[in-house]
Every structure is written in C-alpha cells, then in structure tokens.
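Let's take a friendly walk through this structure, topic by topic. Keep the 3D view open and follow along.

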Protein chains: 4
Amino acid sequence: MSSTFGTIFKLSTFGESHGVAIGGVIDGVPANIPLDLDAIQAELDRRKPGQSAIVTQRKESDTVELLSGIFEGKTTGTPIGFIIRNADQKSKDYDHIKDVYRPSHADYTYDKKYGNRDYRGGGRSSARETASRVVAGAIAKQALEQLGIDIVAYVDQVGTVRMEGTPDFNEIDNNPVRCANPEDAERMETYIREIRKEGDTVGGSIVCEMHHVPPGLGEPVFDKLHAELGKAMLSINAVKGFEYGSGFSSIAMKGSEHNDLFNEDGSTKTNFSGGIQGGISNGMPITMRIAFKPVATLIQEQTTLNNKDELVKMQGKGRHDPCVVPRAVPIVEAMAAITLLDFYLRNKAVQL
Amino acid sequence: MSSTFGTIFKLSTFGESHGVAIGGVIDGVPANIPLDLDAIQAELDRRKPGQSAIVTQRKESDTVELLSGIFEGKTTGTPIGFIIRNADQKSKDYDHIKDVYRPSHADYTYDKKYGNRDYRGGGRSSARETASRVVAGAIAKQALEQLGIDIVAYVDQVGTVRMEGTPDFNEIDNNPVRCANPEDAERMETYIREIRKEGDTVGGSIVCEMHHVPPGLGEPVFDKLHAELGKAMLSINAVKGFEYGSGFSSIAMKGSEHNDLFNEDGSTKTNFSGGIQGGISNGMPITMRIAFKPVATLIQEQTTLNNKDELVKMQGKGRHDPCVVPRAVPIVEAMAAITLLDFYLRNKAVQL
Amino acid sequence: MSSTFGTIFKLSTFGESHGVAIGGVIDGVPANIPLDLDAIQAELDRRKPGQSAIVTQRKESDTVELLSGIFEGKTTGTPIGFIIRNADQKSKDYDHIKDVYRPSHADYTYDKKYGNRDYRGGGRSSARETASRVVAGAIAKQALEQLGIDIVAYVDQVGTVRMEGTPDFNEIDNNPVRCANPEDAERMETYIREIRKEGDTVGGSIVCEMHHVPPGLGEPVFDKLHAELGKAMLSINAVKGFEYGSGFSSIAMKGSEHNDLFNEDGSTKTNFSGGIQGGISNGMPITMRIAFKPVATLIQEQTTLNNKDELVKMQGKGRHDPCVVPRAVPIVEAMAAITLLDFYLRNKAVQL
Amino acid sequence: MSSTFGTIFKLSTFGESHGVAIGGVIDGVPANIPLDLDAIQAELDRRKPGQSAIVTQRKESDTVELLSGIFEGKTTGTPIGFIIRNADQKSKDYDHIKDVYRPSHADYTYDKKYGNRDYRGGGRSSARETASRVVAGAIAKQALEQLGIDIVAYVDQVGTVRMEGTPDFNEIDNNPVRCANPEDAERMETYIREIRKEGDTVGGSIVCEMHHVPPGLGEPVFDKLHAELGKAMLSINAVKGFEYGSGFSSIAMKGSEHNDLFNEDGSTKTNFSGGIQGGISNGMPITMRIAFKPVATLIQEQTTLNNKDELVKMQGKGRHDPCVVPRAVPIVEAMAAITLLDFYLRNKAVQL
C-alpha cells in the first residue's frame with residue numbers, strides 16, 4: 001500500500017528481485033524537459049552489481065526501457081512508465097532458504113504481515129527495487145540541472161574507517177568505494193576486502209550535499225524539507241539513521257555556538273542548520289548524513305528459525321555485497337533529487 | 001500545503017503562536033473507543049510552559065476544547081475537531097523583532113517562501129503548533145492502549161550530560177527533566193540551570209520505546225515503519241537527527257555482530273533491529289533516539305540581519321526554554337502514537 | 001476517513017449538527033491574498049436557515065470565527081482554521097427518533113457502518129456540515145476573483161417547474177428560490193409553498209457556470225476537471241446526478257451535431273463540451289447541472305424501522321426545508337470554487 | 001499529476017496510444033487472492049477493437065503481461081505491475097492532423113496545458129489508456145467475487161434508441177451492442193450501422209448494477225460512495241453525465257413518493273436511493289447510469305483550427321468507433337470494481 005513516493009513529482013514502483021521485471025510510473029514530470037537517455041542508464045550502471053571487485057558479483061544488466069511520456073526527445077508532462085527486466089529469475093538458487101527466516105532480513109516480517117512468502121532473493125524486500133528509484137532520480141536530476149541545482153553524495157565511513165582527508169567531488173567515481181578522498185578510499189577498500197575474506201560484512205555512511213537550492217523549498221509543518229528527506233533516506237534498504245546539518249552533534253552544543261549568524265546577503269557564516277530553517281531551505285548548501293547497517297547476508301554459518309518454529313543451521317551462499325554504501329551512493333542521490341524536485345514543484349503553488 | 005499527517009488516522013493542524021487559537025481536525029478515528037478526556041488534558045499539561053523551574057515561564061493555560069466526533073463518552077468514527085485558545089495574543093512583545101530575522105530561526109525562510117512575515121513569536125513556525133499534536137497523540141494513545149501497545153519516551157542526554165544509570169520508566173515524570181534515571185536527572189537539571197544563567201541554551205536527546213507492538217505493522221517500500229517514524233520525529237521543531245535500533249552505531253559494526261538471532265518463539269536474542277525488519281515491525285520493542293538542537297533564542301546580544309539587508313544588533317528577551325527536551329517528551333510520544341495507530345489501521349487492509 | 005477535499009487547496013471539515021461546533025482547516029491557501037471577511041459571512045448568510053419563508057425556520061446564526069492564517073488583512077499562506085458554533089445543541093428534540101431509522105436518511109447506514117448512532121439531527125450526515133464548505137468556498141472565490149474567474153449558480157428547476165425564461169444573473173439573489181428569472185422564480189415559489197402545505201417536499205436542480213477560466217486547468221486521466229467537479233457536487237447532501245455541457249442530452253446526439261467547431265481565436269461556435277475537453281478547460285464557459293432529490297424529512301406519518309428490527313410509525317416534526325435547492329446554490333458555488341482554485345494551483349507545476 | 005486512482009487499492013497508469021506500451025502499477029492488492037489470469041485477458045478482449053462489425057476495425061491484440069505481485073498463483077500483497085505493448089506505433093497515420101486541432105477532441109487543451117503535442121492518435125488523451133483500467137478492474141472483480149459481490153453493466157440507450165424490454169444479464173455478451181435485451185440490441189445495432197454509413201457517430205448510455213454489496217461501504221463526507229463512483233465514471237473518456245438511483249428523475253418527485261420505506265430485514269420496498277444513503281451502501285443493489293457523448297472523430301469533412309490560428313478543412317479517416325458504449329461496458333465495470341474494492345478495504349479501518 002505504499003509503493004508511491006512524492007506529492008506532485010511522484011514515483012510508484014513495482015517488482016520483486018526474481019519476478020519478471022521491476023519498474024515504475026513517474027507522474028508529475030514537468031513538461032518540455034529535454035532528456036538525455038544515456039545519462040539515465042549511466043546512473044543505473046553506477047548502482048548495478050558487478051561493477052567492481054568489492055561489490056556483489058551477481059550479473060544483472062539492469063537495462064531500463066522507457067515506455068511513455070517522452071516525445072521527440074522531451075518530456076511531455078504525461079507519466080513516464082518504465083521497466084527493467086530481471087535477467088535472473090532462477091528461484092532454485094533460493095531453495096535452501098525457502099522455509100527459513102534469515103536473521104535480520106525481512107523474511108519473518110513479510111511472512112507475518114502478508115501470510116505468504118516470496119523467498120526468491122527477498123522478493124519485494126530486496127534492494128533490487130531501488131533500481132527503479134535510480135531511474136526516477138536520474139530524470140529528476142536532469143530537471144534540477146535546468147534549475148542550476150546539483151546533488152552529490154559520497155561515502156564518508158566504512159566500518160571503523162572514517163574519511164579524514166578533504167572531500168574532492170571529482171574523485172568520487174574514480175574509486176570503487178565512492179569515497180570523496182582517494183587516500184581514504186584506498187584504506188576503505190582494503191578494509192572491505194578483509195571483511196569479505198572473513199565472510200563477514202560491515203556498515204557505512206554516506207554524506208549528501210545539495211548545492212544552489214533556492215530559498216523557500218519545504219512545507220511546514222509536517223512536510224518539512226528535512227523530514228521528507230529523512231523519510232526518503234530511511235526508506236532505502238539498510239538505513240538506520242539520518243541527520244542533517246549539525247545532526248547528532250548538536251545535542252552537546254550550546255545555542256551560542258550553534259546559531260548560524262547571517263551575512264548581509266542572507267547567507268550564513270556557519271551552516272549548522274544544514275541549509276534548512278523551520279523545514280524550509282535557506283539558500284545555503286543542504287547537507288545530510290545517512291547511516292547504513294552491515295549487510296545481513298553472511299558467508300558464515302548461522303543458527304536461525306524456520307517456518308515450523310524450529311531453530312536450524314543455515315549457511316549463507318551466493319554473491320552478496322560485503323558493504324552496501326558504494327552502490328548506495330546513486331540511490332541516495334536519486335532519492336534526494338526526487339524529493340527536491342517535488343518540493344520545487346510544490347512551492348510553485350505558494351502564490352497565485 | 002502540508003498541515004496533515006497520516007494516511008488513515010490523520011491529523012490536520014492550524015494556528016500560529018499569537019493568533020486567536022491553534023487546533024486541528026483528527027480524521028479516521030476508529031469508532032466506539034471510550035475516551036478519557038482528562039487524560040488528553042493531562043498530556044497537554046506535560047507539554048505546557050511554566051510547569052517547572054527549568055522550562056519557559058510563559059503562562060499558557062493550554063486548555064483543549066473538543067468540538068465533535070465524541071458522543072456519549074465514545075468516539076463515533078467521525079472527525080474530532082478541537083481548539084486551544086491562545087491566552088497571549090499581545091503582538092507588541094515582538095515589536096523588537098518585527099523587521100529582524102533571528103539567527104537559526106525560521107523568520108528568514110518563511111519570509112522568502114511566503115513573501116510575508118507573521119513576526120509574533122514565530123507565527124506558524126513556533127513549536128506552539130505541537131500542542132495540537134499532543135491532543136491527537138493522546139487520543140491515539142488511548143486507542144493503542146486498547147490494543148495493549150504502550151509508548152514511553154524519556155530524556156537520555158542534555159548537552160554533554162548523558163544518562164548513565166538504568167532507565168526506570170516510573171521515574172520519568174518524577175523529575176522536571178523527564179530523564180528515566182533520578183540521579184542522572186539531577187545532574188541534567190543542574191546543568192540546565194547553569195546554561196540558563198549564562199543566557200545560553202543547550203541541545204539534548206530523547207529515547208522512545210514502543211512495547212507490545214504486533215508483528216506486521218509498516219508498509220513497504222516507501223512507507224517503512226521507521227521511515228514514517230523518522231519523518232514524524234524530524235517534523236518536530238528543533239529535531240536534527242533520528243536513528244532506530246542500532247542507528248549510527250551500526251556503521252562500525254560487522255554483520256556477524258549486528259544480526260539479531262532468533263529464539264524459537266520468533267523473538268530475537270538481541271534487538272539491533274530496533275523492532276523493525278524491512279520496514280515492518282517484528283514484535284520486539286521498537287526503539288529510537290531523536291537529537292534536538294539547542295534553542296535558537298538566547299538571552300544574549302547577537303548580530304543579525306534585518307529585512308533591509310542590514311546587519312543589526314538584537315537582544316533576546318522573553319521567557320524561553322534553555323533546553324527543549326523536557327517539554328518535547330510528550331510530543332515525541334504523541335507523534336509515535338499517531339504514526340503507530342495509523343499503521344495499525346493501514347495493516348487491516350492487507351487481507352480481504 | 002474522508003473529511004478532506006482537494007489536493008493543494010485542501011479543506012478538512014469536522015462537526016455534527018448538534019455538537020459543540022462545526023468547522024475546518026483550509027490548507028494550501030495561496031499567500032498574500034487580501035481577504036474581505038464580511039464577504040465570507042455574507043456567503044454563509046446565503047446558506048443559513050430562516051432567511052426566507054420557503055426555507056426551514058430553524059434559527060442558526062452561523063457566525064464564522066476565523067482562527068489563523070490571516071495577518072494584517074491578508075492570507076499568510078499558512079492554514080486557515082475556523083469554527084461555527086452550534087446555537088442549538090438540544091438533543092431532546094430528537095428523542096423521538098433515537099431508536100428509529102428515518103426512511104431515505106443516513107440513520108441506518110451510519111449505524112451499520114460505525115456501530116453507533118448520533119441521532120441528534122443526523123449528526124455528521126446532516127447538511128449542516130456544508131456550512132464549512134461555504135466558508136472555504138468564499139475564500140476560494142476571493143482568490144479566483146483576483147484571477148478574473150467568476151462562478152455563478154442558480155436554480156433552474158423545482159419539482160415539475162422548469163425555468164423557461166432567459167437567465168439574468170443579477171436576479172438570482174432577488175428572489176427566495178434563487179432562480180435566474182424572476183417570473184419563473186414566482187412560479188417556483190408558489191409551487192414550493194403548496195408542497196409545504198401538504199407536509200411534503202420536492203426535488204430540484206441547479207445550474208452552475210464558471211466564466212473566464214483559462215485553458216489548461218484539469219489533470220488527465222483520473223482527475224479530469226469535470227470528474228473532480230462531479231465528485232465535488234455529488235458529495236453535497238441530496239445530490240443524485242451530475243452532468244456538464246451537453247450532459248445526458250448528448251446520448252441522443254450525432255457527432256456531426258455535437259462537435260464544437262472552432263473560431264480562429266480558439267473559442268468554439270457552440271459549447272456542448274461545457275468548457276472542457278479531455279478533462280482540461282478550453283477557455284469557454286464551464287457549465288454543469290446538478291440534480292437534487294426531494295428532502296427525506298416529511299411532516300407526514302411514515303412507517304419505518306427501529307433498531308430492534310420492528311416496523312413502527314413515526315411522525316416527522318421540526319423545521320425542515322420543503323426543497324433544498326434555494327439554500328444549496330451557495331454550496332454549489334463554494335464546491336465549484338474550491339475545485340477550480342485547486343486545479344489552478346495544481347496546474348502551476350506543469351512547467352518547471 | 002493525476003494518473004492514480006484509489007486510496008488503498010490504487011491504480012497508477014501510464015502510456016500513450018502510439019507509444020511503446022501502456023500499463024500500470026496496482027498497489028494495495030489484498031494478499032493471498034488466487035488469480036485467474038485468463039479471466040483478466042478475457043476482460044481486455046471485451047474492450048479490444050475489432051471484436052465485432054460495429055466497433056472500430058483497428059487491430060490491437062491488447063495482450064497484458066503481468067510483471068510482479070503474483071507468486072504461485074496468488075497475489076502476494078505487493079504491487080502488480082503490468083504492460084500492454086502497442087502493436088501499432090506508426091505515427092505517420094497521423095501526419096494529417098499533426099498541426100490541426102480536431103473539434104471536440106483534447107488536442108487543443110493538451111497543447112494549451114503542456115505546451116507540446118503528441119499528435120499520434122490523441123497520445124495520452126486517447127481512450128487506449130482505459131485498457132489499463134480494465135486490467136486492474138479484472139483483478140478487483142476477482143477479489144470482490146470472493147466477497148460475493150458482483151458487478152454488471154449493459155448498454156441501455158444508443159442515440160435515440162432506448163432499451164424497452166426487460167433486462168436479462170445473460171444476454172449482454174450475446175450481442176455486439178452489449179444491450180441486456182436481445183430485441184433492443186438488434187434495433188440498436190441497426191441504428192449504429194446506419195449512423196456509420198453516414199460517416200457519423202452517436203452517443204449512448206450504460207447502466208451499471210452492483211449486487212450483494214454489504215452495508216457500510218462509503219466514507220462521509222467528501223468520499224461518499226456515489227461521489228467516488230461518479231468521479232470514476234466521469235474520468236472515462238466521452239462521459240458527460242452520471243446519476244445513481246432515481247438520478248435526474250428525482251428532481252420532479254415528491255418526498256412522499258421518493259422515500260424508500262423499510263422492510264423488517266433492513267431492505268427497502270423501493271430503491272430510489274440506488275443502494276446508497278448518506279454516501280454509504282445500505283445493502284440494496286447499487287444502480288447508476290452513465291451518459292456518453294457521440295465520438296468526435298467523423299468520417300466527414302470538418303472545418304477546424306490549426307496551430308497557426310487558421311481555420312482549415314480536415315477529413316476524418318481511419319478506423320473509429322461509430323458509438324463507444326459497446327466497448328465501454330467492461331470499462332464501466334472495471335472502474336466500478338476498483339472503486340468498490342477500495343471502499344471495502346477502507347471500511348476495515350472503521351473499528352480497531
């Protein structure tokens with residue numbers, strides 16, 4: 001009942017990891033935006049499996065087919081439907097977990113909720129669904145570009161390895177971790193390789209910044225810009241926490257330290273506010289940080305529950321990510337772009 | 001455009017801090033629930049100003065008047081309208097900030113968005129609006145009680161002072177900080193008094209737990225239970241961050257540490273998941289933590305911007321909270337209750 | 001669960017006919033519109049009981065109190081909350097129907113749906129709720145006036161008496177029937193007086209026209225302009241049918257007669273389309289007609305059912321309308337205004 | 001911005017008549033319903049072109065491909081995505097209308113709204129979109145069958161030819177008109193053949209009945225059952241009017257004639273209410289009637305406007321329906337089913 005995100009620019013997705021296809025409908029696309037179709041596929045390629053040695057080696061081509069809403073190279077204003085066929089529909093790879101609830105996966109909760117279970121690779125709960133978000137996000141990004149707004153995300157922590165160097169946005173896609181600093185990236189990559197050797201996994205975090213956002217985006221009181229960004233990020237698989245601006249570090253700060261004093265042009269000397277005041281953008285860069293838990297699928301034996309209330313041994317196998325954050329970077333950007341474009345369009349109704 | 005929260009159990013609020021009244025409409029209230037009206041007022045009293053020496057000494061009686069939807073002591077299923085009159089409508093108290101944007105307040109962003117400014121105490125951006133949420137939350141709590149679900153929140157950090165003792169829920173309302181441990185509460189209270197003497201303010205954090213939530217609540221993929229709880233919390237004034245279960249600490253953890261192993265009854269040995277898997281409750285306690293920034297209104301001189309693009313001196317005055325978290329506890333509980341009841345009702349449509 | 005109408009300009013109402021008050025929240029009001037508060041009350045007065053000899057003689061002052069969203073005479077862009085106190089809360093007038101389901105009223109269906117019954121004057125099912133719509137509609141009208149759009153409605157049939165003369169919009173409020181032709185109005189008034197003497201009631205119909213609506217309003221495919229107008233009208237108490245443009249008469253027409261041929265300026269020679277093509281306004285006047293059933297409350301004895309499954313005699317009493325259409329004219333205009341303003345605001349998001 | 005219909009059971013559609021494909025996402029499908037996939041295709045076949053001599057002879061195979069949400073023959077509760085490929089994507093057939101706005105089509109209004117024009121067969125404004133509704137409706141019907149609810153629609157008027165015989169639901173699909181009486185069907189068929197010979201088109205009307213609907217469905221005050229059914233029907237291409245129960249005929253009736261008196265079992269002796277009181281079903285059959293205008297595409301020369309503000313001659317060609325109602329019958333049933341199932345699911349939240 002909740003496969004739709006957004007109010008005006010609205011994405012509805014469908015599809016399971018091992019069904020026929022995943023895809024979606026994007027409604028509320030502004031008319032007359034020239035679309036670079038290769039750029040959409042390129043975003044999908046940033047998310048796809050098998051792109052480097054430190055991500056899952058599953059083979060999914062993830063080719064998007066756009067079905068409507070585009071005519072003579074431009075958006076028409078009508079909905080864009082799209083599908084991505086699932087290359088791999090072999091359910092027998094999952095026979096060993098058919099009756100077993102994997103620890104810290106959604107197997108148990110889906111079964112309790114729906115009274116049935118699509119055990120093939122997690123079904124609807126699989127992060128495969130996020131490919132549809134990347135398609136919509138890539139289109140939103142192209143609209144935002146026309147407005148001069150840009151969005152960038154990068155990995156700033158993997159397990160215990162934090163980014164310490166200065167971020168250089170040009171470096172992000174030059175390393176498989178998608179860290180914004182090449183030396184830190186190397187340390188992170190080494191760390192992930194070690195973890196993988198242990199058959200283990202590790203968490204991480206992503207920073208996302210939005211630049212040149214005009215003041216005025218965000219809607220009081222419930223749909224505050226950061227509240228909706230928070231929801232957008234928390235809806236991504238494996239996310240456990242969200243903060244913007246000073247975030248959790250603001251707890252220990254005093255007001256006299258934390259207040260962002262103005263310059264004469266309306267900008268502020270500091271940006272603890274993270275570009276948002278009272279839920280509305282103030283023209284400063286919007287900054288946020290998102291925490292991802294370690295992947296639940298281990299290549300280690302675990303004891304778990306089956307659907308007969310028995311504790312059983314299970315052995316993880318398959319081709320899983322030791323750490324999700326490298327592939328999550330384009331997903332974070334996509335959800336940020338969808339949210340921001342939606343608020344841009346909503347804001348047009350503030351005046352007659 | 002966003003004064004409504006919820007999908008089935010739905011709250012729409014209105015009102016500015018110094019207008020005639022604030023209030024709201026609660027739609028989708030399940031029928032035939034006996035309502036304890038005193039318990040609703042009691043929740044408002046937990047939030048109201050002047051309740052202790054460490055909160056603002058403003059006098060607001062915050063008496064709610066329920067206008068509809070209740071007949072012969074029970075909910076009828078039709079919407080509950082309510083208002084809370086504003087005792088203090090004197091706008092002259094705010095003449096000194098009429099043309100001035102207070103740092104880290106929403107004055108600047110509202111003006112940029114709407115092209116006008118209700119300077120009286122922050123207008124719609126004031127946390128006074130949250131009193132309406134407490135009314136709806138108190139009603140939601142009574143519905144959840146019938147289902148055996150209970151919600152409790154407490155302060156676990158004020159500035160640099162963290163709660164270190166064992167939480168005892170019975171102690172929460174026995175101290176003005178609303179900390180769950182009496183000794184920690186004393187340390188926090190002392191700290192707040194010091195901060196206030198400096199004319200300064202400080203941040204804090206609140207933990208919220210939900211017990212006896214049945215498995216199955218939460219909707220994939222965008223309206224995950226924790227995503228909607230996150231939005232609910234981030235929509236509260238001054239909130240800067242949200243985490244659930246292991247939260248930000250999961251970044252540095254390995255999957256082998258973080259996975260919650262099952263017991264035979266479907267419960268888990270640990271609860272890093274915070275009671276939610278794949279966005280759906282699993283029957284374990286739901287746990288979350290919310291970060292609040294320091295109050296932006298200081299009793300210190302600050303340099304700021306006016307609406308003629310000039311930097312000017314301003315002197316905070318008035319009766320403001322040195323730290324919001326004691327009064328935010330009932331707000332957090334209210335938003336959690338509204339969210340949970342809404343998901344409970346949504347879940348009824350999963351089967352024919 | 002459905003007390004909200006609109007997507008951007010959004011009205012949520014509450015209240016029963018004999019509760020403390022009715023009222024609502026209007027969200028998405030565009031900012032900076034000067035509001036004539038007397039004009040709002042004047043619309044309510046057009047709807048209120050006791051205004052003429054042919055409507056119910058109940059005494060309700062229907063005074064609206066606006067609680068928020070207006071500052072220094074203009075809308076701020078934040079929600080407008082309002083209440084109308086119920087003068088008459090005496091429930092004992094309704095003791096005689098406490099256990100009885102009145103024929104063709106909503107007593108039976110509310111009881112079946114909610115498992116309870118607010119028997120005082122129909123409770124939530126009473127047309128009293130429409131007073132809240134008139135408040136929101138009066139505000140929407142003032143916004144539309146700024147855009148040069150005007151809306152007018154009039155009675156074109158009462159029972160078997162159809163309007164035959166030429167409509168003159170200036171005459172509508174000069175007669176108690178609100179017919180647009182004074183001679184027809186007299187015939188209708190005489191007819192209503194006769195019906196009332198019989199203790200009976202009669203149906204009627206209202207025509208509504210919207211002028212100077214710019215082309216482009218309305219959203220394909222489900223939220224077509226006429227589909228939403230239809231829903232708006234059908235949601236008014238006692239409405240049984242809706243048609244726009246040629247309406248039901250188009251059934252018997254040929255395409256060669258029905259097609260509206262263009263003039264060079266984009267206007268059309270005829271207007272069978274009723275100002276709407278493909279769900280989108282084309283710049284021609286929007287025309288629609290709404291059918292109202294006879295009032296179900298009779299001053300005659302009827303046999304009906306009680307809540308013990310027994311057939312019993314009941315005698316209507318009280319002060320009811322013999323025909324609803326005179327008082328329904330401002331309600332029709334209000335719902336048309338709310339719908340049109342909402343589509344105007346939605347249409348702003350079509351382009352970046 | 002409005003390609004979604006429904007609140008819980010929710011259909012979002014995409015696609016133009018001559019794009020790659022049309023399709024949609026159905027969210028909120030109740031879990032564990034066994035689906036007969038052939039029955040879905042059979043409904044599409046009732047709507048498809050070329051099925052008889054009196055409908056358009058265009059060749060479209062209209063084969064639906066279901067992509068998700070079904071596992072082991074049953075719905076899982078996750079969204080069902082589907083596509084129907086467009087067989088005919090040749091846009092050159094439409095070169096003659098590329099710059100020309102066809103009279104009483106949506107060409108002009110789409111261009112005014114969006115600032116662009118997909119001239120290929122009407123693009124998004126084409127009734128081809130309704131094939132997606134039929135897919136969702138066929139699934140809704142199967143869910144409603146499990147509840148014992150059935151829906152039937154038939155043609156009761158074509159141009160000036162009204163159905164006069166007794167309706168026999170078994171006859172509906174035995175004649176190409178889909179009239180419920182075989183002799184009337186013949187008269188209608190003859191009439192349509194004559195109209196087509198003239199190169200002309202004609203309007204018609206459809207009656208729809210819903211049987212065994214339990215009392216309690218429908219939501220006061222804006223989402224009344226008949227208001228939402230009205231919107232559903234009015235959103236279908238070419239619909240100009242909607243009435244339920246006594247409809248427009250109630251205008252001329254007296255209350256003493258119109259009131260539906262109860263039987264002891266809660267049923268009523270008459271059914272002028274059309275199964276709905278106060279917007280809520282009362283357990284009696286729900287009845288409604290929908291008016292369709294004559295098809296705007298004629299095989300006759302017409303003078304019309306081009307996009308250079310010039311009046312030009314155009315000659316209709318192609319394979320169009322002389323009368324839409326025979327093919328609209330399954331669309332009416334589909335939208336009724338979608339609406340009814342949605343209200344059934346919404347009603348589950350009335351009690352805790």
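Predicted model: local features only at pLDDT ≥ 70, side-chain atom pairs only at ≥ 80, totals over all residues.

Two strands count as paired if DSSP finds at least two bridges between them.

- Strands of a sheet pair through backbone hydrogen bonds, and the pairing is either parallel or antiparallel.
- Where the chains join, strand β12 (residues 239-244) of chain A and strand β12 (residues 239-244) of chain B pair in the antiparallel sense over three bridges.
- To find this spot in the view, look for Phe242(A), which stands opposite Phe242(B) in β12(B).
- Gly241(A) has Glu243(B) as its bridge partner in β12(B).

**The contact between chains A and B**

- Chain A brings 92 residues into contact with 92 residues of chain B.
- Several elements of chain A each supply at least two residues to the side that touches chain B, including β1 (4-5), α2 (107-114), α6 (255-258), β14 (280-281) and β16 (301-306).
- By class, the side of chain A that touches chain B divides into 34 nonpolar, 40 polar and 18 charged residues.

**The contact between chains C and D**

- Here, 92 residues from chain C and 92 residues from chain D make up the contact.
- Among the elements of chain C that give two or more residues to the side touching chain D are β11 (204-211), α5 (225-234) and β12 (239-244).
- The side of chain C that touches chain D has 34 nonpolar, 40 polar and 18 charged residues.
- Three bridges join β12(C) to strand β12 (residues 239-244) of chain D, and these strands run antiparallel.
- Phe242(C) stands opposite Phe242(D) in β12(D).

**How chains C and D are related**

- Two copies of a chain are related by a rotation about an axis and a shift along it.

**Two helices packed in chain B**

- Helix α1 (residues 37-47) and helix α3 (residues 130-146) of chain B pack at an angle of about 135 degrees, with their axes 9 Å apart.
- That angle makes α1(B) oblique to α3(B).
- The crossing in which α1(B) passes α3(B) is right-handed.
- Residues of α1(B) including Ala39(B), Ile40(B) and Leu44(B) meet residues of α3(B) including Val134(B), Ala138(B) and Ile139(B).
- Eight nonpolar, two polar and two charged residues make up the contact of α1(B) with α3(B).

**Backbone details to look for**

- The peptide bond from Pro220(A) to Val221(A) is cis, with omega near 0 degrees.
- Val221(A) lies in the loop between β11 (204-211) and α5 (225-234) of chain A.
- In chain D, the peptide bond from Pro220(D) to Val221(D) is cis, with omega near 0 degrees.
- Asp62(B) is not a glycine, although it has a positive phi of about 50 degrees.
- You will find Asp62(B) in the loop between α1 and β4 (64-66) of chain B.

Methods: Residues numbered from 1 in each chain as written. Chains lettered and ligands numbered in written order. Contact = placed C-beta atoms within 7 Å. Helix = DSSP H or I, 4+ residues; strand = E, 2+ residues; numbered from the N terminus. Nonpolar A, V, L, I, M, F, W, Y, C, P; charged D, E, K, R; others polar. Axes fitted to C-alpha atoms, helices over the stretch in contact; angles between N-to-C directions. Parallel < 35°, antiparallel > 145°, perpendicular 65-115°, else oblique. Left-handed = near helix turned anticlockwise from the far one by under 90°.
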